[in-house]
Every structure is written in structure tokens, then in C-alpha cells.
Amino acid sequence: MGYQAFTVQDAIERVRTLGLIGNEPVTAEEIGDGNLNLVFRIHAGDQHLILKQALPYAKVVGESWPLSLERAWIEQSALKEFAKVAIPFVPRVYHASKEEAFTVMEDLSHLTIVRAGLLEGEKYPLLAEHIGSYLARTLFYTSDFALGPVAKKQIARQYYNPDLCDITEKLIFTDPFYDAETNAIEAGLEAEVDRIWNDAELKREVAKLEALFITKGDALLHGDLHTGSIFASAEETKVIDPEFAFYGPFGFDVGQFIAHLFFAAYPDYDRLREERIKDIDTFWLTFASTFKALWEREAVEPFRSADGLVEDVLSTILQDALGFAGCELIRRTIGLAPVADLEQITDPTVRLERKRHALRLGAALIKRRTECKTFTDLRNFDVTEELSR
Ligand SMILES: Nc1ncnc2c1ncn2[C@@H]1O[C@H](COP(=O)(O)OP(=O)(O)O)[C@@H](O)[C@H]1O
Ligand SMILES: CSC[C@H]1O[C@H](OP(=O)(O)O)[C@H](O)[C@@H]1O
């Protein structure tokens, strides 16, 4: 069967043919609110399923931005790979079709998308710890440190993901730093954006981070780990949507999650700042301690017992992560694919002030990331000066 984009009826027929539902009455709807794919929710009797299908172009832009359907296969493979090492945090996959670019998976509608939930004032007391553990496990177990260089390269070669890496290279590392067509700059922010475009040091550091992203194949990344890619409740956390997965630098997913914890404070900054900083603390402490414990127990790296090596690896991850977080803060503030955490602030003066804050924090993280070698440096990282200029 060749590829065609599904209607609701096609989605129902497909799950029926696959024997995933019986002949009972069905209700189904397309619920995709992301930038790229179709997502159908299907209920039949006591079966609740999600069918996600890739479109041959970026939905948010239209057919003028073609995208390979191969990304559905990358997403399916990454979900399976991550389930091997971090099963509590990964949705169950019931069926994966490479040819028709769709995946049938567990319906997680009993949970909420974290970005939306946080905006509604929901609490996720275990989120930071869960994502710390999820990332330590997915990054460590897919790296040379756990697999050794031969097995790692055999896996890595399945994850060339050129179209989606190209999106990231353009939208995160390039367009926001130039007057590009894809940017969406709110009126009133022009002077602030000019500062960015004229900051030679900042651009040089962004270029270095982009080079890291392109060349450093440490581990299998999720590749798009923002709070819209996480479902959670007070007890559970599930990470969806790894279609941007590829072998990249350890710090990238870590940095994206940190950036979106910062974003989550903006709707009510004075009240939420401390909570989100605490989340970042917990996240990093869990990530670093889990990664270190896995290293001590399971690393196959010949130099694994070299004094201070794992601490150095973690320092590098932290510094890179802060740089990537800075790029993500800037791109979600002035580039394509903005975040509701900022856009839903109704008072235009407050919204502009928070956007300005995000841009300055982003620039400071990028330029001063190497000051943060340890958790204590992270806690003491102070951007008061940049914010007051
Ligand atoms: N397993 C799931 N269970 C319930 N809803 C889901 C599931 N996967 C996706 N969705 C819904 O579809 C939306 C878009 O899914 P996502 O995988 O992020 O698509 P895209 O790749 O287009 O961003 C999510 O925000 C969520 O509302
Ligand atoms: C042209 S894609 C823009 C943006 O959308 C992706 O997010 P999602 O799949 O979660 O909607 C990704 O963050 C891309 O950078």
C-alpha cells in the first residue's frame, strides 16, 4: 500500500484492519495541534488509541516546505529504542508502518501536555526528576560509553535525519540571528532584536553551538524536548514526539528542557520564578547523579575510572546545555514556532518585557555558558547585569 494522507475514516479503517479495534461503534477525530503531523484519536468500546501520521511537508508552513516521510520511521524507531532503557517515560507503540508513515500508540489523554497544564496552574511535582532520569538513561545507554564504539556506530547510522536537523539548524541556530523571513518579531521588540543581530560575540558563540550540534554525535537525542512534547500528571510523565531524533551532542536535549522550564515562569514571573529554578536544580541533580551512577556501574569506556573523567563529561554537558538553552530561548521568542507561555500574556507591556527578558537571558547563557562547570556555578549564575543594561 502506497502513502496517502489519511482522513478520519482512513485512520479508523486502518486500525480496524490491523485488528487493534473490533466492530464496535467508533468515534474518532483529528486532534493534531503540533507543527508537523496529523494525529487521530480513536475510541472503540474500551479501546483508546492514537494514530499519528507524517505529512510530506511541514504543516505549519505548507507544501512549500517539503519534508521526508522517513521521519515517521525515525520517530517509531526512537520510541522503541528509548522504551528499552526508559520504559516508564515512553508511550506504548502498538503498530508502526514505515510505508504509510504512521504509528499507532497508547492514548495518553488521561495526562495533560505539560505546557498547557502549567499554563492552567497544574503542578507536576515529579516532572523534573522524571525528565532528569529519562535523559540520563536515554543519553547514557545510546552513547559510546554504554555501547562501545562499534555497536554505537551501527545504531547511529540508522538515525541520519537530514530534513529535521535542517529545520533545527535553520530555526534555532541561524534565522533568529539574522533578518530572516521565518522570524516573527513583535512590534516594540525591534531595538532588542537589533542588539542581537549586531552582537558579533553572540553570533560567534551561536556558530560554535551550531557546529557542535552538527558534528558531535554523542548519543541518540530526542531532538525536540520542549514542554509540548511531554504528557504528565502528578504521578506520571511520558515523552512523545521524537521525530527529530538523531545522534547529536549530549547537551542538546538537556538544554531544550531547561529553556522551556524558564519559559514556564514567564506567565507569572514573580510567583513562578523560584518554582521553575527549583525544577531546574532538581532536573540537573537527578540527571547528573543518574548519569554518574550508570557510568560507574556500566560504562565500557576504557578510561572510565580515570580520575575526574565523568565529572568533566558532566561539566561539558552542562556548559553546552546552557548554550543550547540560550539559543532555544531566543528562537522561541522571535522565530518561527513561538510558545504559548509568552504569547498568551495578554498585557502587551508585560508580554514585551518578558520577551526582552527571554532574549537577554538567552544571550547571557550563550556567551557566559563556560562559567558553569558545576551545579553550584549553575545556582550562582546571575544575569542581573545583562537584564539591567
Ligand atoms: N499518545 C498521545 N496521546 C494523546 N494525545 C496525543 C498523543 N500523541 C499526540 N497527541 C496529541 O497530538 C498533539 C500533537 O502531537 P505531536 O506528536 O506533538 O505532533 P507534532 O509532531 O505535529 O508536533 C499533542 O499536542 C497531543 O495533543
Ligand atoms: C517547521 S517546524 C517548527 C518547529 O516545530 C517543531 O515542533 P513540534 O513538532 O513539537 O510541533 C519543532 O520544534 C520545530 O522547530
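**Exercise 1. Give the strand order of the open sheet of 3 strands, and find its edges.**

*Solution.* Start with the order. The open sheet of 3 strands runs β8-β10-β11, and its pairing is antiparallel. Next, look for strands with a single partner. β8 (112–113) and β11 (237–239) each have one partner strand and stand at the edges, so one side of each has no neighbour in the sheet. The model used here and in the exercises below is a predicted one.

Now check a pairing. β10 (residues 230–232) and β11 run antiparallel and are joined by 3 bridges. For example, I230 has V239 in β11 as its bridge partner. Last, see what lies across these strands. Helix α4 (residues 127–141) lies across β10 and β11, and runs at about 45° to β11.

**Exercise 2. Describe the open sheet formed by 5 strands.**

*Solution.* Step one is the order. It reads β1-β2-β3-β7-β6, with antiparallel pairing. As a reminder, strands of a sheet pair through backbone hydrogen bonds, either parallel or antiparallel.

Step two is the edges. β1 and β6 (93–97) each have a single partner strand, so one side of each is left without a neighbour in the sheet.

Step three is the twist. From one strand to the next it averages 15°.

Step four is the helix on the sheet. Helix α1 (residues 8–17) packs there and touches β1, β2, β3 and β7. The direction of α1 makes about 130° with that of β1.

**Exercise 3. Show how β1 is joined to β2, and how the two strands pair.**

*Solution.* A hairpin of 6 residues joins β1 to β2. Then take the pairing. β1 (residues 26–30) and β2 (residues 37–44) pair in the antiparallel sense over 5 bridges. Find one pair in the structure: A28 has I42 in β2 as its bridge partner.

**Exercise 4. Compare the UniProt "binding site" positions with the structure.**

*Solution.* Take one list from the unreviewed UniProt entry. E106 lies in strand β7.

Now take another list. For "binding site", the unreviewed UniProt entry also lists D224 and R331. They are spread over 108 residues of sequence, yet they cluster in space, with a largest C-alpha distance of 13.1 Å. D224 is placed in the loop between β9 (219–221) and β10.

**Exercise 5. What does UniProt place at residues 28–265, and how much helix and strand does this stretch hold?**

*Solution.* Read the record first. The unreviewed UniProt entry places the feature "domain: Aminoglycoside phosphotransferase" at residues 28–265. Then turn to the model. Over residues 28–265 the chain is 41% helix and 21% strand. The end C-alpha atoms of the stretch are 35 Å apart.

**Exercise 6. Which element gives the largest share of the lining of the second largest pocket?**

*Solution.* Start with the space. The second largest pocket has about 450 Å³. Its lining holds 22 residues, and F262, R273, I277, F381 and V383 lie nearest its centre.

The largest share, 7 residues, comes from α11.

Finish with the classes. The lining of the second largest pocket has 14 nonpolar, 2 polar and 6 charged residues.

Definitions and conventions. Residues are numbered from 1 along each chain as its sequence is written. Chains are lettered from A and ligands numbered from 1 in the order in which they are written. This is a predicted model: local features need pLDDT of at least 70, side-chain atom pairs count only at pLDDT 80 or more; totals for chains, interfaces and linings use all residues. Side-chain values use heavy atoms; hydrogens and water are left out. Two strands pair if DSSP finds at least two bridges between them. Helices (H or I, at least four residues) and strands (E, at least two) are DSSP runs, numbered from the N terminus. Contact means heavy atoms within 4.5 Å. Axes are lines fitted to C-alpha atoms, for helices over the stretch in contact, and angles run from 0 to 180 degrees between N-to-C directions. UniProt positions are given in the numbering used here, feature names are shortened, and annotations may be inferred rather than shown by experiment. On a 1 Å grid over the protein atoms alone, a cavity is a set of points where a 1.4 Å probe fits but cannot get out, and a pocket is an open set with protein on both sides within 12 Å along at least five of seven lines; lining residues have an atom within 4 Å of a point. Grid points are joined across faces, edges and corners, and a volume is the space filled by probe spheres set on the points. Ala, Val, Leu, Ile, Met, Phe, Trp, Tyr, Cys and Pro count as nonpolar, Asp, Glu, Lys and Arg as charged, and the others, Gly among them, as polar.
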